[in-house]
Amino acid sequence: MLPPYRTRFSKHQFTQPQLLGILCLMRYEDWTFREAEVRLGEHGELRQALGLRSVPDFTTLYRFLQRVDERTLARAVDETVRRLSGVGRGGRKRARVAVDATGLASGAVSTFFVRRLHHHGQKPLPWRYWLKWVVVVDLDRQCVLAQMARRGPWNDCASLPVIVQAASEQTRIGLVLADAEFDSERNHTYIRQQLRARSVIPAKRGKKAWRVRGVRAEMRRAFPRRLYRHRARIESVFSSVKRKLSARAPGRLLPMQQRQALLLGLSFNLYRLRHRYLLLRMSTEPIHCKILDDSDKQCWIQGARAVL
């Protein structure tokens, strides 16, 4: 997927797939750049699994992440989705997907204690912005099909056609579920006419006295609750990502935070690829022994190297 080296003038000390694999492992274990350097120096098995002859400096990892663009990460996500094909579909020819967004912290400060300090001391919150991670999730396979990240708060109603189109290039979509943030007649029209799929979005925008037409009027008149309740699986995916991997997108600059969020989605798909037959239904309980043994880590890294 990635060429071994960026240019012919590279030092040829580390390959690009090796560095990207280290970044995915860093997001999987929720390490910082310095922690990744220390851990690789301590464990020879990890270096052997990654094919490293020496340990890269933390600045090497940071600068490589600065050079990685969103298209490269999107191609890596597409490859993981391709390798997950046929798992957990239940005989359906077209996928059931859900679109939703969640917030990621830009630092290591505990949000629980920040809110507790705010409620007890009535002091203003120390931040005004956060990173908003928008994803399209296959509800049957419980993997990320497409993703994007931007600074929040932001209304992503107009972003639904773009991100759903990116997901439809990987798999045929038969049903799109979304919450009221994406309530728009234009979104219904795009899903039903362009993708030939069914859309279920609650029509909650505007006042009840307003007259709505088209699909939004149908959603308000006879909302398919039994079909819509499958959207809760995307919340399970968010909970699993934040409990098992990380709830942060660290970085001082917005582009770095966005790349960290996209790496988080790629790392989660690699996690699903490693456990595709063991965890067909995702558990939201945290893994208390998250630091896996060396053999398990080697298997995970070998799967990541095969994809990258």
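Let me start with a definition: a residue counts as buried under 20% relative accessible area, as exposed over 50%, and as partly exposed in between. Keep that in mind for two residues later on. And a caution: what you see is a predicted model.

First, the overall picture. The protein has 13 helices and five strands. There are 308 residues, and buried ones make up 48% of them. The accessible surface comes to about 16,500 Å². Carbon and sulfur atoms hold 50% of that surface. Now contacts. Take those with a separation of 6 or more: 71% of them link residues 24 or more positions apart.

Two pairs to look for: Trp 130 has Gly 152 as its bridge partner, and Lys 132 has Arg 150. The hairpin of S2 and S3 leaves four residues between the strands. In that hairpin, Gln 142 takes a positive phi near 55°.

Now go to the other end of S3. Which peptide bond is cis here? The one from Gly 152 to Pro 153, with omega near 5°. Pro 153 itself lies in the loop between S3 and helix H7, 160–168.

On to a helix pair. H1 covers residues 16–29, and H12 covers 254–274. Their axes come within 9 Å. They cross at roughly 85°. The range for roughly perpendicular is 65 to 115 degrees, and H1 and H12 therefore fall in that class. Who meets whom? On the H1 side: Leu 20, Leu 23, Cys 24, Met 26, Arg 27 and Tyr 28. On the H12 side: Gln 260, Leu 263, Leu 264, Leu 266, Ser 267, Leu 270 and Tyr 271. By type, the contact divides into 10 nonpolar residues, two polar and one charged.

His 12 is in the segment before H1. His 12 is not a glycine, yet its phi is positive, about 60°. Is His 12 buried, exposed or partly exposed? Its relative accessible area is 40%, so His 12 is partly exposed. Then Asp 30, in the loop between H1 and helix H2, 33–42. Asp 30 is not a glycine either, and has a positive phi of about 60°. With 24% relative accessibility, Asp 30 also counts as partly exposed.

That is the tour. Questions, please.

Methods:
Residues are numbered from 1 along each chain as its sequence is written. This is a predicted model: local features need pLDDT of at least 70, side-chain atom pairs count only at pLDDT 80 or more; totals for chains, interfaces and linings use all residues. Side-chain values use heavy atoms; hydrogens and water are left out. Buried means under 20% relative accessible area, exposed over 50%, partly exposed in between (1.4 Å probe, protein chains only). Contact means heavy atoms within 4.5 Å. Accessible areas come from the Shrake-Rupley method with a 1.4 Å probe; for residues, only the protein chains shown count as cover. Axes are lines fitted to C-alpha atoms, for helices over the stretch in contact, and angles run from 0 to 180 degrees between N-to-C directions. Angles under 35 degrees count as roughly parallel, over 145 as roughly antiparallel, 65 to 115 as roughly perpendicular and the rest as oblique. Ala, Val, Leu, Ile, Met, Phe, Trp, Tyr, Cys and Pro count as nonpolar, Asp, Glu, Lys and Arg as charged, and the others, Gly among them, as polar. Two strands pair if DSSP finds at least two bridges between them.
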